[in-house]
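Good morning, colleagues. Please look at the sequence and the structure on the screen while I take you through them.

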Amino acid sequence: MKTDILKTLEYSKNLIISPDADGLMSAELINRYNGSQIVGTYDKNLLVLADGINPEECLFVDCDMNTNKFVSIGNHMRLLNDNMSEKSFNPNVYFGVTNYTDKFPFATAFLISATIEIQTSEQDH
C-alpha cells in the first residue's frame, strides 16, 4: 500500500486541493516530502487554477476524482467500479470497502503523514 501511495504522490508536484483544513494540511505534508506546490483548488463545483495550469497534469489532493483524466489521492467513499484513474489512490478502493460504516475513518492528511514518515513536530523522531 505504501508504494502505491508514494507513486500517486510522485505523479505531479502541482497540487489542486480541497478548500478545507484536510486539503491544506495534506498539501503542506506533500510539500515537505517533495517540494510540491498548490496551483489550484476544487470543491466539486468550482475549479480555480493559477494561470497556465493544465489540471490533467496535477495531483488532486483530498478531492477524489471519478474520471481517469485526473489523478487524485483522498479518503472519501467511492463506487468500486467508478472511473478513477489507475494512478490515483484511495484506501477504500484499495481495500474494497463497500459499506460506509467500514470506510477509512481518518483525514487524507493522516494517510499521507503515515506514508511519508516525516517529522511533523519536535516530539517526532
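I shall begin with the chain as a whole and then turn to individual residues.

This is a predicted model, in which local features need pLDDT of at least 70 and side-chain atom pairs count only at pLDDT 80 or more, whereas totals for chains, interfaces and linings use all residues. Residues are numbered from 1 along each chain as its sequence is written, and side-chain values use heavy atoms, with hydrogens and water left out.

Let me start with the secondary structure. The protein chain contains four helices and five strands. Both are DSSP runs numbered from the N terminus: helices are H or I with at least four residues, and strands are E with at least two. In sequence order, the pattern reads α-β-α-β-β-β-β-α-α.

Next, the overall dimensions. The C-alpha trace spans about 40 × 35 × 25 Å along its principal axes. The radius of gyration of the protein chain is 14 Å, which agrees with the value near 14 Å that a compact globule of 125 residues would have. That radius is taken over C-alpha atoms, and the globule rule is 2.2 Å times the number of residues to the power 0.38.

Of the 125 residues in the protein chain, 42% are buried. Here, buried means under 20% relative accessible area, exposed means over 50%, and partly exposed lies in between, with a 1.4 Å probe and protein chains only. The accessible surface amounts to about 7300 Å², and carbon and sulfur atoms account for 50% of it. These areas come from the Shrake-Rupley method with a 1.4 Å probe; for residues, only the protein chains shown count as cover.

As for contacts, defined as heavy atoms within 4.5 Å, I take those between residues at least 6 apart in sequence. Of these, 48% join residues at least 24 apart.

Which residues does Ile-30 contact, leaving aside its neighbours within four places in sequence? They are Leu-9, Leu-15, Gly-35, Ser-36, Val-61 and Ile-112. Ile-30 itself belongs to helix 2, residues 21–34, and counts as buried because its relative accessibility is 0%. Leu-47, by contrast, is 17 residues from Ile-30 in sequence, and their C-alpha atoms are 20 Å apart in space.

I now come to charge. The protein chain carries 9 positive and 17 negative side chains, and the centres of the two sets lie 5 Å apart. Lys and Arg count as positive and Asp and Glu as negative, while His and the chain ends are not counted. Each charge is placed at NZ of Lys, CZ of Arg, CG of Asp or CD of Glu.

Side chains of opposite charge can pair when their charged atoms come close. How many salt bridges are there by the rule used here? The count is three, where a salt bridge is a side-chain nitrogen of Lys or Arg within 4 Å of a carboxyl oxygen of Asp or Glu.

One of them joins Lys-2 and Glu-117, whose closest N and O atoms are 2.7 Å apart. Lys-2 lies in helix 1 (residues 2–9) and Glu-117 in the segment after helix 4 (108–116), so this pair ties together parts that are 115 residues apart in sequence. Lys-2 is partly exposed at 38% relative accessibility, whereas Glu-117 is exposed at 56%.

Another salt bridge links Glu-28 and Arg-32, at 2.9 Å from N to O. These two residues are four apart in helix 2, and are therefore separated by about one helical turn. Glu-28 is partly exposed, at 33%, and Arg-32 is partly exposed, at 44%.

There is also a salt bridge between Lys-69 and Glu-56, at 3.8 Å from N to O. Lys-69 sits in the loop between strand 4 (59–61) and strand 5 (71–73), and Glu-56 in the loop between strand 3 (47–49) and strand 4, so the pair ties together parts 13 residues apart in sequence. Lys-69 is partly exposed at 46%, as is Glu-56 at 36%.

Finally, some backbone geometry. Asp-62 is not a glycine, although it has a positive phi of about 65°. Asp-62 lies in the loop between strand 4 and strand 5 and is buried, at 4% relative accessibility.
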